[in-house]
Amino acid sequence: MSIRRSLLTPLCSALALAGAVLSAPALAAEEVSLYTTREPKLIQPMLDAFTKESGIKVNTVFIKDGLLERVKAEGAQSPADVLMTVDIGNLIDLVDGGITQAVQSDTLNSVIPANLRGADGKWYSLSLRDRVLYVTNDVKLDSFNYEDLADPKWKNKVCIRSGQHPYNTALVAAMIAHDGAETTEKWLRGVKANLARKAAGGDRDVARDILGGICDIGIANAYYVGHMKNAEPGTDARKWGDAIKVVRPTFKNGGSGTHVNISGAAVAAHAPHKDNAIKLLEFLVSEPAQALYARANYEYPIRKGVKLDPVVASFGELKVDSLPVAEIAKYRKQASELVDKVGFDN
Amino acid sequence: MHTDTLPRSWRLRGPERGAGWLAGAALIALAVLLPLGALAWQALHADLSHWSHLARYVLPQALSNTAMLLAGVGILVTLLGTGAAWLVTAYEFPSRRILTWALLLPLAVPTYIIAFAYLDLLHPIGPIQTAIRTLLGYDSPREFRLPDLRSIYGAIFVLGFVLYPYVYLSTRVMFMSQAASLLEAARTLGAGRVGVFVRVALPLARPAIAVGASLALLETLNDIGASEFLGVQTLTVSVYTTWITRSDLASAAQIALTMLLIVVGLILLERHGRKRQRYANTQRMRPMQPRRLRGMAALLAVVLGWIPVLVGFVAPAWYLVVETTKRLHLVGGVSQQLLNGLSNTLIVAFTATAVTLGCGLVVAWAGRSLRESARFNPGRACARIASLGYAVPGTVLAIGLLMPFTWIDRQLGTVFGTQGLLLMGSMGALVCAYTMRFLAVSVGGIEAGLARIPPSLEQASRLLGESASGTLRRVHLPLLRPALAAGALLVFVDAMKELPATLLLRPLNFETLATWLYAEAARGTYEEGAVAALAIVVAGLLPVILLARTNLKMGH
């Protein structure tokens, strides 16, 4: 066998294999493609309802990190119609990255309050996620300021996930907006000193660690409580949920609202199915979809008047911090650097 | 026979090496450089101002954490891997035969799964601490609890116990195929069993330990799941923070490339350390005769031998089985998803394995040593470059691949007039990504296999008129079969577990077992992912057992 032939053989088989795995997806008549960093299970019920109502098929790909980079690289060829993500910072990144386009819709503008969408129509919030205090049932506590987390009386009693997680940098950014960077740094050092364990894990670990006796209070998102307290009796999650109650904290300087982050979406800059993309967004803020957000995901609906899950309703009415969410995105980098500076995660 | 003693005209020079092979290797190396080049291009788009922040507040901690993690995992995998390999090679005791392959089982458990399994098992309200409290008579975890797993020691523990099989596999093969005659010589010269291990077996096994440990350490360095979960701030975590939280991809690329340089430096240093050593063996391969242990000694061997399997596989697998049975009612609803995920996983992993192995063979063969003198070898340089994909975190590599892939897609679109994205819209991108990521695994294994075949065999074959390719086909491939099988199965298992690149590069409506598991885990409801996690572990078992059969039987 000659050298050339022996080299060609593996090359040819590699090409044949490559050919076998390459098959361009067929284009259906009515469809919309969704790139999402939201976990498929959370949004699948809404998407199924949308397909049922409109007959439009929804293609999805769930991406964790790199949504912006992927869509940017795909450029004008990108099949993406709708981009969906959580955290205002992530959403604004998509807008700043130039991969969204401005769309106008009377439905979206009338349902979503002006401070929860881009003025130019380049992004829209779909649900609210309040960041609250989990408290062990043994401690009586009716009201709480985020600033109190640094109070030395909670020494070795506080649990929280990594300070660099977007949920926490958004909270720190809001704190910077309210109290200034200097006060926030001092506050972060105080919280760090109060930590009962490393700033790590997830939000539900706060409830689990409260049950495990590691801490008494902790900061986490409210919807997890809906998941845990609604879990089947006897499961671990239910035990964790039953070990805690929820207090909605507020900021000392800045009205009487609780820190809220959002989940949101935008129409992709090169959306091949722009009309369907708008239809999907409009459907997601409709009464039935918002009810799913509220009762299947336990998130706070963006639409007024939607019935809440009983567990979430028991926390009382949500008073949202008056700070516009886009403000939070501005301070995010500074917040992240402060978290590094005080060695919060070390 | 040394080629240097041959007349000049007999030496195998450039063209005889097979210029086609070298060209192929160069092409593959170039392909691996593409994503790294794309990253470097990204890195140029940032100024250096963030380094002062990093140097003051991040790097001291991240560097010391990373160094400690690497040192700890390195020591643990070497001790467990080499110790276990020696135990099952040098001694005969009950259950030894099962143990030889059972020791590989942790390979089937991804690091992100073992981290959450142990966090649950060892949590103050988990089964182990609850049992301890009951034994000691405490009522509540507030009265008594063990130290938190979320620490650097916890990370060393979980990573060490799933990554040691890399070292076990390479050293076991080494002990079995190579050392026998030398070990017996040492024995006849009066050295005790322990003495033989320390003075002969260990030094002989050094290349094998280096190969296995460097794979384990690169996985540790690039791990994001377990480190993040256990709250260990490593360099890789800081790359993520810079990219995700601060939206600064360019700076993140700078950190990642700096890390890559350090890794390359360390690997070169280790290779330089054993540059002057030769390990080829012309003797017939023959396993050493294990010594039969009795009584307490046998019991001790059984206990010691099974500990890594219990900790690295049985406990987490048992946890997954328990969590799955709690959710059996869910399995009915997800079985179609499970089947889809499974078939996607198998198809991509299988294709990627075939391509990776083919490329690995080209690269390793082009880089083989034709003579004993250690001059610059362009083929070997290609092999080193082609192995770089394993030295960067999966997501970082995937980000680097986005640009070349979409560029190729646009060119394909222009040339063939096709609509949409051909590579990114199919499994093609995943197969390429896996190949670049895991090429190091196959190249390393094949190189180690080639190193055990004395160059004199090729010299003889070539002097008898056979071409380079013919020699590969008729002489080396049959001898390489165990190394190829081992490489194939390692790549297959790695590809099945791969998560970050799969998440970023897969097409619409396409889930593998790993992405399906991650989708569950991303909500923080890790236990809901137990079904998928168990599926990954079970699907990984088959190749691992095959690996044990083909590879460890060698010499029997």
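This is a predicted model: local features need pLDDT of at least 70, side-chain atom pairs count only at pLDDT 80 or more; totals for chains, interfaces and linings use all residues.
**Entry 1: two loop residues in chain B**

I began with N509(B), which I found in the loop between helix 19 (500-505) and helix 20 (513-521) of chain B. N509(B) has a positive phi of about 55° although it is not a glycine. I looked it up because most residues other than glycine have a negative phi. I counted 13 other C-beta atoms within 10 Å of N509(B), so N509(B) is partly exposed.

S95(B) sits in the loop between strand 1 (91-92) and helix 3 (96-102) of chain B. With 14 other C-beta atoms within 10 Å, S95(B) is partly exposed.

**Entry 2: a helix pair in chain B**

At what angle do helix 4 (residues 111-121) and helix 12 (residues 295-326) of chain B pack? I read an angle of about 80°, with the axes 9 Å apart. That makes helix 4 of chain B roughly perpendicular to helix 12 of chain B. By class, the contact has nine nonpolar residues, no polar ones and one charged residue. From helix 4 of chain B I listed I113(B), I114(B), A117(B), Y118(B), D120(B) and L121(B). They meet A315(B), P316(B), Y319(B) and L320(B) in helix 12 of chain B.

**Entry 3: chain A as a whole**

I moved to chain A, where I found 15 helices and ten strands. The C-alpha trace of chain A spans about 80 × 55 × 45 Å along its principal axes. Of its 346 residues, 54% count as buried. I also checked contacts in chain A between residues at least 6 apart in sequence, and 78% of these join residues at least 24 apart.

**Entry 4: strand 7 of chain A**

I asked whether strand 7 (residues 217-221) of chain A is covered on one face or both. Both faces are covered: I217(A), I219(A) and N221(A) are buried on one side, and G218(A) and A220(A) are buried on the other. In all, five of the five residues of strand 7 are buried.

Next I looked for the partners of strand 7. Strand 5 (residues 124-136) of chain A runs antiparallel to strand 7 and is joined to it by five bridges. In that pairing I noted R131(A), whose bridge partner in strand 7 is N221(A). Strand 6 (residues 158-159) of chain A pairs with strand 7 in the parallel sense, over two bridges. There V158(A) stands opposite I217(A).

**Entry 5: domains of chain A**

The domain assignment of chain A gives domain 1 (31-128 + 260-307) and domain 2 (129-258 + 321-341). I found their C-alpha centres 27 Å apart. Between them, 17 residues of domain 1 are in contact with 17 residues of domain 2. On the domain 1 side, helix 4 (88-96), strand 5 and strand 9 (260-268) of chain A each supply at least two residues. By class, that side has eight nonpolar, seven polar and two charged residues.

**Entry 6: chain A against chain B**

Last, I looked at where the chains touch: 62 residues of chain A are in contact with 68 residues of chain B. Which element of chain A gives the most to this side? Helix 1 of chain A does, with nine residues. Several elements of chain A each supply at least two residues, including helix 2 (40-54), strand 2 (57-62) and helix 15 (332-341). By class, I noted 24 nonpolar, 18 polar and 20 charged residues on the side of chain A that touches chain B.

Terms used:
Residues are numbered from 1 along each chain as its sequence is written. Chains are lettered from A and ligands numbered from 1 in the order in which they are written. Helices (H or I, at least four residues) and strands (E, at least two) are DSSP runs, numbered from the N terminus. A residue is buried if 20 or more other C-beta atoms lie within 10 Å of its own, exposed if 12 or fewer, and partly exposed in between; C-beta atoms are placed from the backbone. Two residues are in contact if their C-beta atoms, placed from the backbone, lie within 7 Å. Two strands pair if DSSP finds at least two bridges between them. Axes are lines fitted to C-alpha atoms, for helices over the stretch in contact, and angles run from 0 to 180 degrees between N-to-C directions. Angles under 35 degrees count as roughly parallel, over 145 as roughly antiparallel, 65 to 115 as roughly perpendicular and the rest as oblique. Ala, Val, Leu, Ile, Met, Phe, Trp, Tyr, Cys and Pro count as nonpolar, Asp, Glu, Lys and Arg as charged, and the others, Gly among them, as polar. Domain bounds come from an automatic or database domain assignment.
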